[in-house]
Amino acid sequence: MRCGGITFMNGTRNMQGQLKFAQLYRDISVIHKGEYMYKDFDYDESQQLYYKSHEDMCEFAVRSSINVAKKLRQLQAQRNPGGTEYWPTLFDEPDLWGLHLAGNPFNVMYMVVVDALKTQSTPEQYKEFGKRVERFEVTATYAQTELGHSSHLRGLETRADYDRDTDEFVLNTPSITAYKWWPGGLGQCSNHAIVMAQLYIDREHKGLHMFYVQVREEGTHEPRPGVHIGELGKKMGYLGVNNGFLGLKNVRIPRTRMLMRHAQVNRDGSYVKSPVDALTYFAMLSTRCIVTRNSAVALATAATIATRFSAVRRQSPIDDSLPEPQIMDHVTQQLKVFPEIATCLAYRLAYDYLRELFSATSRDIDHGNYNSLPELHSLSCALKVMSTSDCAAGIERLRLACGGLGYLASSNLSNIYVNTVAACTYEGENTVLLLQVGRFLMKSWYAALSGAPVAPTASYLAEVQQSPDFGLWTGSWSNLVRAMQFAAANKTRLAFKSLSRRIENGESERMASSHTGIGLTQAAQLHARAFVLHRFCAEVTGPKSRARSPALNRVLQQLLELYLVNVTLSSLGDVLRVVHLTDEDLNKLQARLEDALAKLRPDAVAIVDGFDFGDKQLNSTLGFHDGNMLERVFNAALKAPMNRKSVPKSFHEHLGPFMRSNI
């Protein structure tokens with residue numbers, strides 16, 4: 001079973017001498033594992049990364065990423081010339097994160113820009129300039145967020161005015177708040193950008209549209225006339241990703257550089273509106289799908305490190321007559337670590353459903369059917385929010401589970417955390433996205449009340465109104481899922497009631513929504529939790545289970561049990577409002593939690609081994625498969641630059657003179 005890449009795959013190690021992870025999903029080639037892509041990996045250099053200056057870090061990131069690109073290009077040429085399964089498909093897949101130690105400055109180009117060009121440009125436009133980006137003949141980023149406007153897209157100030165005389169658009173960022181801010185790779189690595197701007201024709205506003213803009217000369221890489229471009233400086237994470245700013249002053253581009261698959265501006269200035277405004281943001285939905293997957297992979301990486309640490313570290317005797325036990329034997333340590341193993345699997349399975357929905361919606365759009373867009377938008381927002389927040393919090397819990405050693409940069413847990421927590425903000429700030437999910441739930445609740453069709457992922461809102469026994473408690477897995485759905489439905493009902501009351505009292509719908517924001521976000525969070533629980537349960541107990549071995553099913557069922565019980569106990573404040581649980585029921589849930597932890601204890605190391613992360617991918621002194629943790633921690637400290645001299649310069653210049661001055 002594999003979590004390190006885009007699939008879970010066959011494990012190779014026995015679990016208790018008998019369990020082998022069977023294939024859950026399709027196989028992919030693993031050539032990009034150590035035997036090829038990582039063969040030149042320099043572990044010692046990786047441990048020196050955090051001592052580099054910001055400029056050196058950015059240069060290192062470019063060099064590392066280009067080396068990865070070169071290897072994948074060579075591999076593609078050797079194995080299947082003209083294909084794309086290695087290059088560029090694998091360029092920023094999770095299996096290669098260990099080779100982009102300072103981040104990939106060209107990640108946005110392949111994660112966002114190429115998809116945006118494929119879905120937003122016409123076939124002729126893609127052939128003209130989209131293919132050049134895909135082949136890495138030029139570099140490009142996605143410039144949407146502005147210094148003064150982030151998640152509020154309607155407030156973006158960058159404008160593109162159509163000049164009918166020259167058949168060009170004139171782009172401007174009219175104020176400092178309009179400067180594009182944050183695009184990955186923009187600072188010094190990109191010579192083109194997809195710029196999101198407000199379109200004006202004859203001073204008439206036509207809404208947000210995408211424009212393909214050259215920002216640097218291709219030969220010299222110098223900024224083009226009217227372009228003010230630069231790098232943002234040091235950040236908490238993504239240290240070499242080269243995030244940048246962009247200002248435009250009367251920058252002219254041909255009319256055909258507006259992406260015109262869905263909306264068009266003709267030579268005479270006539271405007272053809274997109275059939276659905278939301279299509280402008282379709283590329284963001286794809287990115288949110290990827291963010292959900294990446295969050296699950298990041299958590300799995302941290303869980304592997306913490307689990308291996310917990311198997312090696314010994315501390316605090318439980319029985320004074322016995323040696324110090326592995327800290328994994330302490331139930332409190334199990335509670336820190338094991339639920340995160342289950343969580344990364346839960347979000348990975350939720351991502352699989354989300355990706356299938358995205359693919360189905362894309363096919364529908366190609367045939368002029370846009371009915372699934374609202375559900376895809378809502379689900380991608382919900383899972384992006386909950387996966388990033390839950391996985392970031394989980395990684396921090398796992399760092400704490402590694403004690404003081406988890407605080408060392410050499411553990412790599414800090415790097416995993418800061419890169420994951422960044423996703424709580426980019427591609428839509430989490431609270432803003434929850435409010436959008438909340439609005440979807442209000443429409444769905446109203447539809448359910450009126451007997452109208454409800455999207456499949458919100459169908460439980462209709463079921464709770466039709467089933468009088470929906471809130472009964474039995475404690476079964478399906479019952480735990482229904483309890484969370486019932487809690488989500490209740491929060492949705494309360495938010496709808498509050499919203500309706502405010503509108504009846506004379507508030508505008510927008511003002512009423514703002515004042516109901518807390519209720520809307522709470523309903524959205526529970527809606528997302530209910531979905532993740534439902535997908536986890538359906539995957540483990542559904543038809544696919546018949547194709548898996550009994551041993552694998554046993555472990556998946558144990559992980560499901562732990563996840564369902566732990567999430568339910570963590571959500572009792574909402575569950576108890578709608579489901580009657582006695583004190584005995586609550587005691588049984590607590591006992592089930594402890595029992596689930598105990599059952600997973602013998603298999604925990606084998607489970608994370610089944611995620612199949614290589615040591616070079618983990619890049620952690622605490623997470624090596626051979627268990628030589630303390631030796632690596634000590635060696636990493638010895639190689640720190642400060643230890644190259646026995647006496648630091650500061651002693652001679654400051655410390656020594658100050659102490660002698662008191663004599």
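# Reading strands, helices and an active site

Guide: Let's start with β4 and strand β8 (residues 244-248), which run antiparallel and are joined by two bridges. Helices (H or I, at least four residues) and strands (E, at least two) are DSSP runs, numbered from the N terminus, and two strands pair if DSSP finds at least two bridges between them. This is a predicted model, where local features need pLDDT of at least 70 and side-chain atom pairs count only at pLDDT 80 or more, while totals for chains, interfaces and linings use all residues. Residues are numbered from 1 along each chain as its sequence is written, and side-chain values use heavy atoms, leaving out hydrogens and water.

Visitor: Which residue of β8 is the bridge partner of Trp181?

Guide: Trp181 has Phe245 as its bridge partner in β8.

Visitor: How do I read the order of strands in the sheet?

Guide: Strands of a sheet pair through backbone hydrogen bonds, either parallel or antiparallel. Here, three strands form an open sheet in the order β4-β8-β7, with antiparallel pairing. β4 (180-181) and β7 (227-231) are the edge strands, each pairing on one side only.

Visitor: Where does Glu427 lie, and is Glu427 buried or exposed?

Guide: Glu427 sits in the loop between α8 (413-421) and α9 (430-449). UniProt lists Glu427 for "active site" in an unreviewed entry; such annotations may be inferred rather than shown by experiment, feature names are shortened, and positions follow the numbering used here. Buried means under 20% relative accessible area, exposed over 50%, and partly exposed in between (1.4 Å probe, protein chains only). Glu427 is buried because its relative accessible area is 18%. Not counting residues up to four places away in sequence, Glu427 touches Val112, Met284, Thr287, Arg288, Lys384 and Leu433, where contact means heavy atoms within 4.5 Å.

Visitor: How many residues of α7 are buried?

Guide: In α7, 22 of the 29 residues are buried, so the helix is largely enclosed by the rest of the structure. Helix α7 (residues 373-401) reaches 41 Å from its first C-alpha to its last, close to the 42 Å expected at 1.5 Å a residue; the expected span is 1.5 Å times one less than the number of residues. Just after α7, Gly403 takes a positive phi of about 60 degrees.

Visitor: At what angle do α11 and α14 pack?

Guide: Two packed helices are described by the angle between their axes and the distance between the axes. Helix α11 (residues 477-504) and helix α14 (residues 550-570) pack at about 35 degrees, with their axes 10 Å apart. Axes are lines fitted to C-alpha atoms, for helices over the stretch in contact, and angles run from 0 to 180 degrees between N-to-C directions.
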